[in-house]
2 protein chains.
Amino acid sequence: MHADPSLQPFFEPSSVAVIGASHRETSVGYALLKNLLFGRMDGSNRAEGFQGEVFAVNTSGGELFGQRVYRSLPEIGRDVELIVVAIPPKFIEALIEEAGQCGVKAAIIISAGFAEMGEEGRALQDRIKTAAQRKGIRLIGPNCLGVLRPSMQLNASFAAQSTQPGGVGLLSQSGALVTGVISYANRESFGLSTVISLGGKADVGDEDVLLWLANDEATRAIAIYVEAFKEPRRFFEEARAVAKVKPVVAIKGGTSDAGAAAASSHTGSLAGSRAAYAAAFAQAGILEAHTIGDFVGWSRALGSQPPAMGKRLAILTNAGGPGVLAADAADRAGMQLVELSEDTIAKLDEVLPAVWSHHNPVDVIGDATPERYRDALNILGAAPEVDGIVLIMTVQSMTEPQETAEAIACAHEDPSWRKPLCCSFIGLIGTEVGRYLDARGVPEFNMPERAVSAMNALMRRGLWTQREEASAPTHLSLPEPDDARVARAIEQANAKGQHNLDLTLAREVLEGAGLRYNRSGTAANEQEAVEIAERIGYPVVVKVISPDVLHKSDVGGVALDLVNATAVRNACSEVREKVRSHEPDARIAGFTVEEQIKGTELIVGMSRDPGFGPLLMVGIGGIFVEVYKDVAFRLLPLSRRDALDAIGEIKAQALLDGARNRPVLDRAELAEVLLRISRLVEQHPEIIELDINPLVITASGLVAIDSRVILPAIASDG
Amino acid sequence: MHADPSLQPFFEPSSVAVIGASHRETSVGYALLKNLLFGRMDGSNRAEGFQGEVFAVNTSGGELFGQRVYRSLPEIGRDVELIVVAIPPKFIEALIEEAGQCGVKAAIIISAGFAEMGEEGRALQDRIKTAAQRKGIRLIGPNCLGVLRPSMQLNASFAAQSTQPGGVGLLSQSGALVTGVISYANRESFGLSTVISLGGKADVGDEDVLLWLANDEATRAIAIYVEAFKEPRRFFEEARAVAKVKPVVAIKGGTSDAGAAAASSHTGSLAGSRAAYAAAFAQAGILEAHTIGDFVGWSRALGSQPPAMGKRLAILTNAGGPGVLAADAADRAGMQLVELSEDTIAKLDEVLPAVWSHHNPVDVIGDATPERYRDALNILGAAPEVDGIVLIMTVQSMTEPQETAEAIACAHEDPSWRKPLCCSFIGLIGTEVGRYLDARGVPEFNMPERAVSAMNALMRRGLWTQREEASAPTHLSLPEPDDARVARAIEQANAKGQHNLDLTLAREVLEGAGLRYNRSGTAANEQEAVEIAERIGYPVVVKVISPDVLHKSDVGGVALDLVNATAVRNACSEVREKVRSHEPDARIAGFTVEEQIKGTELIVGMSRDPGFGPLLMVGIGGIFVEVYKDVAFRLLPLSRRDALDAIGEIKAQALLDGARNRPVLDRAELAEVLLRISRLVEQHPEIIELDINPLVITASGLVAIDSRVILPAIASDG
């Protein structure tokens with residue numbers, strides 16, 4: 001996981017030139033120069049701008065902001081490390097050639113009118129890229145907002161504002177989002193280490209920037225706005241490694257159909273399946289936000305606070321109502337409002353007035369002094385049962401906000417405890433007090449629920465950093481996989497021209513992969529069905545075998561609860577009749593007769609996402625798949641830990657744990673099943689889709705009852 | 001629904017006196033006087049304070065802020081309409097007597113130390129209340145923050161700030177929440193009509209204030225923070241009438257166990273069951289917020305915009321990313337991103353550049369001028385397919401924010417369309433532009449998702465105002481209710497000393513109420529069981545009858561899928577054996593033999609909430625009740641419309657609509673069942689709890705299979 005040193009000139013250049021610097025106040029070239037010289041659009045103090053050399057270049061020459069405007073890059077007569085380009089596309093190819101002679105190492109191409117405009121634009125973009133490669137120049141853009149590096153006072157963008165330096169590195173596919181986050185940063189007083197809008201990605205791509213941010217010491221948390229990655233698999237492989245060492249927060253635009261359509265029309269790329277992205281985020285350890293508020297709030301917290309090592313929250317407040325609402329919000333987020341130990345309560349008793357709440361939320365009462373806050377905070381910080389603290393202050397007539405903020409910041413810097421703290425000072429929104437706390441590294445939010453949500457992100461991050469790989473179970477009741485059997489079955493299916501494998505072959509494939517099925521047999525007629533049923537034992541299920549029927553139960557092709565020979569015989573006739581009445585032309589090849597097994601039904605499936613490839617699904621099966629959509633997704637291949645995490649994401653955990661005397665799921669066994677499916681799909685990329693539904697939890701393990709295996713359609717297939 | 005005119009002096013007094021005005025800067029008495037004279041704690045301009053007469057009273061006399069401090073109320077020598085009291089409790093009784101002589105009509109008692117402190121305090125509070133009633137003085141408080149009426153520049157509270165007048169009336173059980181909302185109002189530039197913190201409610205209660213706000217013309221939306229109402233049923237009866245004419249938003253503190261514990265400890269009252277409050281809000285047409293952000297945002301929108309008459313949303317934006325995120329947020333909230341008509345698109349084509357998105361979100365491109373926004377907004381406003389508009393603006397180098405805001409405000413005031421509009425100007429947070437829009441009545445939010453959430457509140461409000469009472473179905477397959485049968489069954493149960501009615505009596509009660517059961521019979525032994533089964537027809541279910549078994553299936557007391565006489569006979573023996581092995585002392589009185597019915601299982605239940613009384617539950621039954629908790633609650637008695645709404649709240653609508661060839665629910669029939677339960681519970685208040693689980697959806701209607709009916713435990717009951 002190494003950063004590419006050739007990116008350094010974008011973020012820490014010694015000199016910058018604006019190509020296309022303009023006098024016209026509404027032009028991008030004007031904005032670029034002003035931002036470089038003065039830091040922001042409404043600035044005028046050179047001391048607030050980039051402190052390296054800044055040059056203006058425009059073919060018309062002249063003077064701008066008291067600076068000479070050179071007519072060309074060579075006219076500067078010195079090497080320039082970074083150029084920021086806002087001239088018409090047709091001139092850029094020649095510019096790059098010239099830049100090669102002038103020592104340019106990096107170019108940010110702001111101009112639009114390339115690949116996004118069609119064939120001709122794409123060809124031009126490719127030529128520019130080739131030229132740049134030849135000259136050893138890296139490119140960001142085209143069609144982007146630019147780059148900001150607040151610690152260098154470098155605003156190489158046409159964003160109207162800049163912000164103070166801080167711990168959050170932002171990578172955004174939307175220039176407008178960049179503008180927005182910078183504005184929130186100024187409003188909420190947090191800092192950004194680096195801001196990058198990549199635009200058309202002719203050269204530098206998402207992965208490059210991600211790795212650069214991962215290696216950048218100033219960046220403590222990485223925030224990403226994405227609509228679609230060019231190479232999602234590659235990105236997430238890198239991201240997974242990055243998230244091991246640094247927190248990453250992402251927000252995906254286009255998770256709804258309407259949003260995806262909008263995203264696709266404005267980026268010209270597929271938004272990618274929501275489920276696949278969610279799986280990729282989960283698997284990589286990236287925290288996926290769904291609102292800009294969380295995106296910004298989580299990044300702030302992760303960029304300034306240590307992760308929480310557990311889910312046990314303490315709330316410290318000087319007012320009941322906001323404390324109650326914070327407790328409610330924490331509960332909704334799945335955090336645990338910790339029960340304070342006797343020891344902690346005794347210590348609090350020593351420093352708090354007698355009427356304090358005596359439980360969590362710790363209400364230190366409206367007249368709380370700075371000292372009272374400090375003492376209570378130090379006690380909660382040192383309490384072993386507390387993993388993180390949300391501190392709320394409301395301004396009442398006796399409150400001393402600034403002194404309280406100072407006391408809090410001091411306590412939080414106390415080296416005897418290192419736990420995360422998020423604050424909300426209600427009634428002090430946007431005042432110096434909030435800014436003071438943020439400057440001291442304590443995130444302060446305008447609403448208690450946002451402080452709680454940020455703390456939850458710190459807790460999720462902490463749990464992720466403690467996540468350990470799972471070891472393989474030693475005792476499994478599953479049969480051993482038999483690769484040859486799988487290969488034979490697929491061969492047979494191909495030979496028969498089967499696209500959707502028949503019951504027998506689908507079962508061959510999955511038994512070969514190491515799954516267990518219920519006992520069953522194939523009967524050509526009523527008599528054979530009865531013989532099989534007698535061998536298996538009652539009750540049994542009879543299902544039609546027909547290449548023309550996809551959803552057997554929808555056409556009456558399944559009969560349940562058959563308890564004796566007569567029932568089996570009658571069921572076969574009835575099934576035949578019902579299927580014929582629904583689909584008169586259906587070919588009926590016979591019946592399967594199966595051991596009837598009852599229990600909690602799971603579903604396991606695999607489909608292929610156009611961007612991500614094989615995607616695994618696991619969840620509650622039966623009719624509830626469609627109704628409650630209680631399923632989790634993971635990209636394949638997956639680790640045993642990923643498999644267990646996916647199982648843990650299913651909402652109906654009580655059902656898996658044997659609610660109402662049902663058999664309890666052996667999670668290790670289900671994880672093993674998922675790994676076997678993963679292996680099957682890796683070894684047989686020709687399987688384009690499969691599902692096992694239901695996979696039943698029984699007292700003696702998981703038993704598959706029905707399944708589908710789909711191979712690519714063959715031209716000759718009926 | 002009339003307001004009590006005796007409350008008027010609290011909000012529109014001609015003169016106010018502060019009793020306990022103090023020189024001490026950290027005292028409440030100092031804050032009260034300062035707020036009255038100058039409007040806010042850091043004010044000093046008398047023109048910004050209350051413009052009626054303001055008197056200071058303190059036994060030590062002297063002068064304060066250039067005003068004479070009277071030693072007593074009579075010393076003023078003139079009538080005073082409102083007094084604000086911050087003196088020790090023990091002096092207040094005498095004060096009220098005196099106030100009666102001085103023409104006082106209303107008193108706000110800020111001082112604490114009454115009922116919340118125990119018996120003695122309660123007695124004092126009662127005496128003060130009696131004295132006030134005798135003198136015709138209304139009381140707000142004790143132990144409250146006070147009252148604000150911004151249009152009168154009246155700040156009769158010790159809140160540090162006031163705010164501009166506006167459409168939102170706030171009633172809060174938490175003083176800290178009041179401070180918070182005022183601060184948000186200043187920050188987000190919205191106005192408040194009236195702010196009331198009621199405290200200990202010795203006299204004026206929640207209902208009084210609610211009705212006053214309902215009748216107050218300046219109040220366009222009512223916002224309520226509640227932890228627990230004193231008389232929840234009474235409050236919600238009033239609230240239901242109020243919400244018919246004015247939007248009401250509420251946030252309930254203590255919806256989680258931890259939150260409820262905190263609320264209960266700080267208010268000294270039970271927080272009330274979350275389900276009961278949620279039901280009460282839904283039934284009264286009150287929008288329940290779960291975050292302070294939504295509480296404030298919804299109130300703002302409802303206080304300034306007309307409701308939306310449907311769920312069809314148009315998004316207007318000048319940037320892709322934020323438009324995409326807004327679309328995603330709208331989809332998550334269940335809003336419908338409307339497909340624009342050809343006509344609308346043709347009209348937009350005339351005013352927008354060729355590269356506009358050509359679908360919803362309407363992306364008018366980064367260089368959008370004020371005129372372009374205005375024209376697009378007018379077209380969407382006039383489009384019949386659009387119910388509400390969310391407008392997003394990001395600041396790009398060519399943006400003219402103020403001019404755009406003016407164009408938007410103008411378009412929104414165009415009388416040719418009256419649809420709600422919520423805006424988000426990203427990158428302009430907290431600037432004059434946002435304030436300008438708010439002042440023109442267009443709510444502007446810092447994040448697009450908040451504008452979307454506010455629009456959703458306007459849509460929900462619009463749908464509520466169009467809600468019509470449902471009429472009774474004409475054809476129902478349910479049996480007629482038989483009151484005498486119910487009464488007889490309850491009498492029998494009482495005679496037998498049954499607390500938890502046995503199967504037969506429970507069935508008698510519910511059949512008497514007009515519900516249909518599956519066919520069944522009671523057997524003393526194996527032989528009788530077989531006879532009943534033969535009469536009913538196979539398959540049947542056998543269940544144990546035992547007064548000592550509560551959850552029959554947990555002890556093996558139920559046998560399913562019995563298809564012939566042998567199976568029934570064996571099942572009886574097995575059931576007997578299993579129950580005995582689980583509970584050796586269980587008395588086994590025999591067996592019920594029932595027609596086995598399969599289908600989607602519902603649950604209908606009634607329990608009693610300590611505050612609200614009978615609470616109805618309806619949802620998906622079977623094991624999934626516990627796992628997915630897919631149930632809705634309503635207070636009893638309920639209307640047919642309420643019943644249908646509750647059914648509509650169940651998440652698994654697809655299941656009710658017959659997913660996968662299941663029988664389709666007749667909603668009118670289920671509503672009728674709920675109304676019959678409502679009637680049963682009203683007529684028989686001695687039923688403290690009941691549930692029907694499962695109630696099965698069959699092709700020929702709803703069939704109850706099992707039920708519990710609970711009467712109060714009787715002392716003599718075993």
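## An open sheet in chain A

In this predicted model, four strands of chain A make an open, antiparallel sheet in the order S21-S24-S22-S23. Strands here are DSSP runs of E with at least two residues, helices are runs of H or I with at least four residues, and both are numbered from the N terminus. Two strands count as paired if DSSP finds at least two bridges between them. Strand S21 (520-523) and strand S23 (558-562) of chain A are the edge strands, each pairing on one side only. From one strand to the next the twist averages 20°; axes are lines fitted to C-alpha atoms, for helices over the stretch in contact, and angles run from 0 to 180 degrees between N-to-C directions.

Strand S22 (residues 540-545) of chain A pairs with S23(A) in the antiparallel sense over 3 bridges. Within this pair, Val540(A) stands opposite Leu562(A) of S23(A). Helix H21 (residues 565-582) of chain A packs on the sheet and touches S22, S23 and strand S24 (590-595) of chain A. The direction of H21(A) makes about 30° with that of S22(A). Two residues are in contact if their C-beta atoms, placed from the backbone, lie within 7 Å.

## Numbering and confidence

Residues are numbered from 1 along each chain as its sequence is written, while chains are lettered from A and ligands numbered from 1 in the order in which they are written. Because the model is predicted, local features need pLDDT of at least 70 and side-chain atom pairs count only at pLDDT 80 or more, whereas totals for chains, interfaces and linings use all residues.

The model scores ipTM 0.91 and pTM 0.92. Chain A averages a pLDDT (the predictor's confidence in each residue, from 0 to 100) of 92, and 98% of the residues score at least 70. Over residues 266-271 of chain A, pLDDT stays under 50; the model has 19 contacts beyond four places in sequence for this stretch. Where pLDDT is low, the predicted coordinates should not be read in detail.

## Chain A overall

Chain A has 25 helices and 30 strands. Its C-alpha trace spans about 100 × 75 × 45 Å along the principal axes. Of the 718 residues in chain A, 55% are buried. A residue is buried if 20 or more other C-beta atoms, placed from the backbone, lie within 10 Å of its own, exposed if 12 or fewer, and partly exposed in between. Among contacts in chain A between residues at least 6 apart in sequence, 70% join residues at least 24 apart.

## Backbone exceptions

Most residues other than glycine have a negative phi, and most peptide bonds are trans. Asn143(A), not a glycine, has a positive phi of about 60°. Asn143(A) lies in the loop between strand S7 (138-140) and strand S8 (146-149) of chain A, and is buried, with 23 other C-beta atoms within 10 Å. Gln153(A) also has a positive phi, near 55°. Gln153(A) sits in the loop between S8 and strand S9 (154-157) of chain A and counts as partly exposed, with 18 C-beta neighbours inside 10 Å.

A cis peptide bond joins Tyr538(A) and Pro539(A), with omega about -5°. Pro539(A) is in the loop between helix H20 (526-536) and S22 of chain A. In chain B, a cis peptide bond joins Tyr538(B) and Pro539(B), again with omega about -5°.

## Helix H19 of chain B

Helix H19 (residues 503-512) of chain B is largely enclosed by the rest of the structure, because 8 of its 10 residues are buried. Among them are Leu503(B), Leu505(B), Val509(B) and Leu510(B), along with Arg507(B) and Glu508(B). The buried residues of H19(B) pack against elements of chain B including helix H18 (483-495), strand S22 (540-545) and strand S28 (689-698). Just after H19(B), Gly514(B) takes a positive phi of about 105°.

## The contact between the chains

Chain B superposes on chain A by a rotation of 180° with 0.1 Å of shift along its axis, at RMSD 0.1 Å. That is the relation of a two-fold axis. The superposition is by least squares on the C-alpha atoms of residues with pLDDT of at least 70 in both copies.

The contact takes 70 residues from chain B and 69 residues from chain A. On the side of chain B that touches chain A, H12(B) gives the largest share, 11 residues. By class, this side has 35 nonpolar, 24 polar and 11 charged residues. Ala, Val, Leu, Ile, Met, Phe, Trp, Tyr, Cys and Pro count as nonpolar, Asp, Glu, Lys and Arg as charged, and the others, Gly among them, as polar. The copies meet through the same surface, because 99% of the interface residues of chain B are also interface residues in chain A.
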